[in-house]
Amino acid sequence: MLTRINVGPIHPSTHGVLRLVVTLDGDTIVDVEPHVGFLHRGVEKLAENRMYMQSESYMEKIDYAAPMAYSDLYVAAVEEAMGIHPKERAKYVRLILLEFQRIASHLLWLGTFCNDLGQMFTMFMWTMKDRDLVLNLLQDVTGSRMFYVNMRLGGVSIDLPPNFEEHANKLLDYLEKRFKDYEAFLEKNPVFIERTKGVGVLKREDAIALGVTGPVLRASGVNFDVRRDYAYYAYEKLHFIPQVQTRGDSFARYKVRMQEMKESIKLIRDALKLMPEGDALGMPIKLISPPVKESEVIVRRELPRGEGMIFMVTDKQRPYRLAIRAPAFINLSALRYIAKGARYADLFSILGSLDLVMADVDR
Amino acid sequence: MLRPIIKTIKALGENRFTTTFPEEKERQPDNYRGLHRLDIETCISCGACERICPNKTITMVDANTSKGRRKLPQIDLERCLFCGLCEEVCPTHALTLTKNYEYTEFDRRRFTRRPEELR
Amino acid sequence: MLIDSFGRLVVEVIVIFILIVFFDYIFGWLERKSIAKAQFRHGPTYVGKFGILQNLADIVKLLAKENIIPKNADKLVFSTAPLLLLALFIFLIYLLPFSNSLGIAISVGLLAIFVLLSFAPLLIFLTGAASGNKFSLISAQRSVIMSLAYEVPLILSVAAVALYAGSFNIANIVNSQAKIPFIALMPIGFIVFFIAMLAELERPPFDLREADSELIAGWLVDVGAPYYAVALFVDYTRMFLGSLLISLLFLGGWLGPYLPSLIWLLIKAFVVAVVVVIIRATTVRMRLDRLMRFGWFWLLPLAVLNIILTFMLFVK
């Protein structure tokens with residue numbers, strides 16, 4: 001006998017407003033139908049009526065777990081349209097700040113993932129403390145803990161403060177210790193292993209066919225990462241290695257993100273050593289945008305959730321049309337195929353491991 | 001199963017991380033983007049802040065100053081994104097963002113701050 | 001332990017009731033503060049010094065609210081089942097002896113307690129089913145299915161204790177721990193009993209009933225505010241019952257040097273409660289079918305092994 005349950009828009013475990021209509025046969029899921037759009041704010045349309053650099057603030061609010069990543073994606077698209085290349089030091093500064101942002105985003109994910117599994121907020125509080133320390137560091141640089149608006153054409157709005165390197169290294173040492181603690185806390189917990197191993201397996205061919213990207217794709221054994229394959233900023237000089245797992249279950253997705261956080265620490269350390277002296281400031285905001293050279297641009301970046309892309313058709317002072325490929329939206333569409341045949345309690349393990357931020361899904 | 005429990009017990013011995021607001025407050029850096037502050041003497045009424053604002057937060061309204069009756073920016077705090085573009089574009093640095101972030105009112109109409117109130 | 005006068009009966013009833021309320025209140029406060037400390041935060045601090053009055057404020061607030069009964073609910077069952085549940089647990093605590101001079105100890109005390117304890121899932125199921133709500137029904141079903149897995153190992157591990165002590169009378173069981181507490185004699189039995197008791201108390205990792213990241217609040221979703229206060233009481237009273245049982249049956253009850261017996265019993269109950277709270281802060285919720293597997297394939301064989309060992313080693 002099939003029952004339909006509405007895991008409604010307001011729910012502690014759907015990260016944001018997501019409505020799932022779940023068809024159950026006893027305790028087994030037959031079908032999951034996501035209803036999205038509760039958080040749609042029309043960001044692409046808003047950008048059509050504003051000058052290029054005015055929309056940076058809107059782009060940040062697409063993903064509130066890692067705002068700088070989207071702001072960087074958009075500003076890179078505008079730079080490509082205007083033929084502006086970021087300064088040498090600015091490439092390293094952007095890379096460092098983006099990798100810190102990736103660590104912060106994955107920490108948030110880890111906390112909410114453990115919440116979904118029933119951890120009762122202990123892991124959540126610990127990871128939030130670490131994320132708070134990262135955000136404090138970013139606040140010292142940019143002035144704000146979230147929604148930094150610090151990307152400018154050709155560089156950043158404000159350079160790293162003089163004592164940044166020592167603070168960053170201290171924080172990275174602390175984070176390395178904490179990551180070891182988290183791994184011991186979770187991987188030595190047999191109940192956690194039971195809840196995540198073998199749950200929500202996504203096979204390699206299905207992952208490629210569904211178009212998922214990011215940690216979800218890498219957990220299914222596909223070695224693809226925009227930071228290596230379409231390298232930008234200084235990633236080629238830093239010997240970046242994508243982290244891949246082959247099992248494709250929730251545990252593999254968790255492991256990929258843990259390894260990515262450790263990889264980010266390594267990248268930041270190397271970038272701090274290799275960073276050249278000089279000027280990293282971009283163009284300040286003026287009332288008239290610089291002239292535009294290209295009419296259509298496509299830019300891709302590796303956001304913490306997956307691969308983000310912007311396709312922009314330009315006009316003189318403002319974008320004529322902006323199309324954003326949001327990774328969380330595509331990852332959510334894979335939920336239907338992953339969750340078929342799983343049990344009801346596994347739904348939240350799978351949903352948590354996909355790392356969705358509803359603002360990213362709905363834009 | 002024992003390692004996780006030992007980690008929890010160890011965490012019991014560590015210091016608390018949350019600050020008891022409002023008794024304790026966190027410190028902010030100097031470039032914190034809080035509420036606006038307008039220097040009425042320095043403002044040249046160019047209107048650049050009104051034009052650059054993405055969200056139509058700023059409107060130039062008539063106000064009395066020591067140099068006569070001129071147009072000065074009025075800020076609608078309900079629409080402000082605190083992005084800092086208005087501070088960056090102001091040619092005389094008359095409009096700045098301070099470290100103050102507490103603005104609670106009982107009446108919603110108080111959120112439209114006139115230029116004289118931007119202190 | 002014969003009640004030899006009516007006045008003494010009344011005094012004991014009142015004293016035990018005060019103990020229950022005291023433990024519930026202090027345990028509630030202790031749980032919130034300890035979990036907060038383990039999570040690097042403060043917990044209640046504002047109401048009363050160290051937040052000691054926070055639970056009182058919560059209960060006053062809950063009792064003052066309007067009780068809403070959903071349209072699809074069965075009025076009679078919905079209104080009475082939670083109260084019956086609270087009454088059941090309070091009655092069960094009265095069946096336990098608190099020391100040589102406080103509380104009654106009937107000759108089949110152990111048996112009576114575990115027979116009556118199995119009424120609890122029934123009453124929870126009735127509340128959940130009478131809510132007229134799919135989520136409550138699912139969580140109520142889960143609660144009943146879970147009790148299927150854990151009743152048997154629970155009773156078997158207790159049977160080993162009764163076998164050694166030679167009686168179902170709890171006072172006799174405590175007194176036969178005078179030389180060495182049972183936790184040292186039958187460690188396997190203690191572990192089985194502790195885990196099965198955690199499942200009976202529906203505490204993490206077995207808190208499927210109130211899986212509040214999946215079913216929001218489970219059987220309590222549609223329960224009105226005054227009944228939510230009753231449910232909180234039920235939770236804490238159940239915790240008191242569980243910790244008392246563990247202390248009486250395995251940790252030596254009220255036996256101990258220097259301090260009065262009652263204080264020893266309360267200290268041991270608090271220690272058990274603190275361990276349960278730490279486990280709550282650490283662990284992840286188990287899935288229902290794995291839980292059943294764990295109960296039948298691990299706990300049951302261990303409990304049987306425990307009985308065999310006890311019989312071979314200690315009983316002539």
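Which helix of chain A lies across β6 and β7 of chain A? In this predicted model, the answer is α3 of chain A, residues 67-82. Helix α3(A) runs at about 155° to β6(A).

Three strands of chain A make an open sheet, ordered β6-β7-β8, and their pairing is antiparallel. The edges belong to β6 (296-303) and β8 (319-325) of chain A. Each of these two has a single partner strand, so one side of each is left without a neighbour in the sheet. From one strand to the next, the twist averages 15°.

Take the pairing of β6(A) with β7(A), residues 306-314. Eight bridges join these two strands in the antiparallel sense.

Turn next to β1, β2 and β3 of chain A. These three strands form an open sheet in the order β1-β2-β3, with antiparallel pairing. Here β1 (2-7) and β3 (28-35) of chain A stand at the edges. Why is one side of each left without a neighbour in the sheet? Because β1(A) and β3(A) each have a single partner strand. Direction ignored, neighbouring strands of this sheet are turned by 20° against each other on average.

Within this sheet, follow β2(A), residues 19-25, alongside β3(A). The two strands pair over seven bridges in the antiparallel sense. For a landmark, pick A:V22: its bridge partner in β3(A) is A:V32.

How values were computed. Residues numbered from 1 in each chain as written. Chains lettered and ligands numbered in written order. Predicted model: local features only at pLDDT ≥ 70, side-chain atom pairs only at ≥ 80, totals over all residues. Pairing = 2+ DSSP bridges. Helix = DSSP H or I, 4+ residues; strand = E, 2+ residues; numbered from the N terminus. Axes fitted to C-alpha atoms, helices over the stretch in contact; angles between N-to-C directions. Contact = placed C-beta atoms within 7 Å.
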